[in-house]
Amino acid sequence: INGGRTTSIDYLQDGVTLGTGRGHKVSSMSPDIDAVQEFKVVTNGISAEYGRVSGGLVEIVTQSGTNQFHGQLYEYIQNDAFNANSWRQNALGGKKTPFRQNDFGFTFGGPVWIPKIYQGRNRTFFFADYEGYRFKQSGSLQTANVPTEAERSGDFSATYANNIPTMMYDPNGPVAPQLDANGSPTGVYERLALLGGDGKHVPASMISPISAAILKLVPLPNQRGNLSSSSQANFVAPQDTNNQNDRWSVRLDQNFGPNQRLFGRFSTITTDNGATRWFGPLSTASTTAYHGGRLFTLNYDWTLSPTLLFNARAGVNHDPQTSGTPLPLEFNNSSLGLPAIMTQILGNANIPTIQTDFMGAFNPGTTSGLNRVNSTAYNVGFSFTKILGRHTLKAGYEGRRYYDNYYTSGNGVMSF
């Protein structure tokens, strides 16, 4: 909004912020679209009651029940029966993947009515909504660049990239300054000695035992690489994805006569998103989960006179998130021969992230990482609105407290 990023915008639901303290991000507790009564985007002329924004803000008002019972059921379906095979899947020689996506739910609201006990017309109302989301896809082909068996033993005589044969130089050999067209040094030095005598072979004495042990856990090529490169995209394997989301909310409204109204709203969300491993024993699996997300709002309106209004509100937003890329539970790095200082930091069930520029990018290992962020925001405020002829005067108070607890597992990076 107005050129501002998402993190410079505030989102208010029934007057309570949906933001978190961590980078002013939007929490996962945003409402189901069918539970929204109205919304307003404020882009300029922002009044003094709004703060912690630079680009603008969005105000959302949720639905409430009425004197009539109303509801709806819905489901939006996508699956492979309606889709053609993707271009990428075709290009890799794969069949159309099984695919299911279902977005379903309901809303229902009306007066609170308990036969022979309570009749809530004109006084007590409820509104409930639920949205469920399921996404499943299996067999989506992924590609990687992996060294051939010959390359793992140091033989690069058949290796080429962009149709250019590989030429390697001895990192411990002599160097000479590079000269420009005028014969002046450029400040860059060139290596002169070819590695292994021909620039095509790595001597066995220069192959790290740790690298050799790691490469034993990397799968071998299972298809020919791209035409212009010997080992690019020469490994292909299927990956499955499974995403699940459940979102509930309930709102209760109570009228205390014609001038006073109180409502409370409670929301909760559970999310589990993840993908399977596809790249051998060192393959991680991405996962994201929200378990125990809660949002509670309490709002009170009082019309003291035709020209004087009072509002008070309070809310708490708890947004727990777990995400990461864990290795298999049975993984153990004891066979890799990592330095003791590294295993002291990482433990025996992890490895550092290993990055190389072989064939553009070859990352044989990724650190098993797990991040937990529990964000809680408390929000309380009140305001008086006075109408003075053609003028409106508003005064009040708002207080927020943000609490963010972080946990990030240790890791390391090796770059080559």
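In this predicted model, strand S5 and strand S6, the latter covering residues 99-111, run antiparallel and are joined by ten bridges. One of the residues taking part is His-70, whose bridge partner in S6 is Gly-109. Strands of a sheet pair through backbone hydrogen bonds, and such pairing can be either parallel or antiparallel.

**The sheet**

- The open sheet is built from nine strands with antiparallel pairing, and their order across the sheet is S5-S6-S9-S14-S15-S16-S17-S20-S21.
- At the edges stand strand S5 (70-79) and strand S21 (391-408), and because each of these has a single partner strand, one side of each is left without a neighbour in the sheet.
- Going from one strand to the next, the twist averages 5 degrees.

**The nonpolar patch**

- On the surface, a nonpolar patch is formed by Trp-302, Leu-304, Val-380, Phe-382, Phe-384 and Tyr-397, which together have about 540 Å² of accessible area.
- Strand S20 gives the most to the nonpolar patch, contributing three residues.

**A closer look at Phe-384**

- Phe-384, which is one of the residues forming the nonpolar patch, is found in strand S20.
- The relative accessibility of Phe-384 is 38%, and this residue therefore counts as partly exposed, since that class lies between buried, which means under 20%, and exposed, which means over 50%.

Conventions: Residues numbered from 1 in each chain as written. Predicted model: local features only at pLDDT ≥ 70, side-chain atom pairs only at ≥ 80, totals over all residues. Heavy atoms only, no water. Patch = residues over 30% accessible without salt bridge, like charges linked within 9 Å, V, L, I, M, F, W, Y side chains within 5 Å. Areas by Shrake-Rupley, 256 points an atom, 1.4 Å probe, with all protein chains shown as cover. Salt bridge = Lys/Arg side-chain N within 4 Å of Asp/Glu carboxyl O. Helix = DSSP H or I, 4+ residues; strand = E, 2+ residues; numbered from the N terminus. Buried < 20%, exposed > 50% of the residue type's maximum accessible area, 1.4 Å probe, protein only. Pairing = 2+ DSSP bridges. Axes fitted to C-alpha atoms, helices over the stretch in contact; angles between N-to-C directions.
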